[in-house]
Amino acid sequence: NLAKPDASVFSGLTHLETLVLAGNPLRRLDNELCGLPNLKHIELSGARLAIVSPNAFSCNPRLEAVFLSGNQLKELPANLFDKNESLKIVDLSGNRFSEIPSALISKKGTLVSVNLSGNKIPDAAQFKPAGAAPSLDASVARLDRESPAAQAVGRLQSFVRSHWHLPLTGSTSYSTAAKFDL
């Protein structure tokens, strides 16, 4: 478990395009990723993040996808993605947002996929990315996170994200009185 990565941990990895730190107890993200100028995909889901500093992604101009789902985030700095001209995908599902982060509003014209599900944002459905083939999941999770279906969907999402580096939003609905296994 990586609790507080030092920027030197990533030194020399200037060609790295994908970094998965999911599940590590990071709690805070500052400028540790500055040694990764070619980073395109960052997976920080379930990293217990409560704070992301304004310059967290400022040294990653090629960043295309940011996965911050399942953390403890209540807000993001307004200028968080200002230096990320290539950003297309942002997953903020399962956090503690009560309003649409202003960091997303400033990127509305370039984003093609935004996931705000599992937050308590009353007007989230009104936020629609203007990019090509937009995708928005602003639903509040209706499945109990402990249910077998929710766990199976979570495992599938994690697998696809980590092995194929694709965004994936899953919806599951079922009706049965009997137990089932996925």
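These questions and answers cover a predicted model of a protein chain.

Residues are numbered from 1 along each chain as its sequence is written. In this predicted model, local features need pLDDT of at least 70 and side-chain atom pairs count only at pLDDT 80 or more, while totals for chains, interfaces and linings use all residues; side-chain values use heavy atoms, with hydrogens and water left out.

Q: What is the confidence of the protein chain on average, and where is it lowest and highest?
A: The scale is pLDDT, the predictor's confidence in each residue, from 0 to 100. The chain averages 79, and 68% of the residues score at least 70. Strand S8 (residues 135-137) has the lowest mean, 52, and strand S4 (residues 51-52) the highest, 97. Over residues 139-144 the pLDDT is below 50; that stretch has 10 contacts beyond near neighbours in sequence, a contact being heavy atoms within 4.5 Å. Residues 171-182 are also below 50, with 13 such contacts. Where pLDDT is low, predicted coordinates should not be read in detail.

Q: Why is the pair Cys34 and Cys59 called a disulfide?
A: A disulfide is a pair of cysteine sulfur atoms within 2.5 Å. The sulfur atoms of Cys34 and Cys59 are 2.1 Å apart, so the pair meets the definition. The structure holds 1 disulfide. With 65° about the S-S bond, the link is right-handed.

Q: What does the pair of Cys34 and Cys59 tie together?
A: Cys34 lies in the loop between strand S2 (28-29) and strand S3 (41-43). Cys59 lies in the loop between S4 and strand S5 (65-67), so the pair ties together parts that are 25 residues apart in sequence.

Q: Why do Cys34 and Cys59 count as partly exposed?
A: Buried means under 20% relative accessible area, exposed over 50%, and partly exposed in between (1.4 Å probe, protein chains only). Cys34 has 27% and Cys59 has 28%. Both values fall in between, so both residues are partly exposed.

Q: What makes up the pattern of the protein chain?
A: Helices (H or I, at least four residues) and strands (E, at least two) are DSSP runs, numbered from the N terminus. The chain has 2 helices and 8 strands. Along the sequence they read β-β-β-β-β-β-α-β-β-α.
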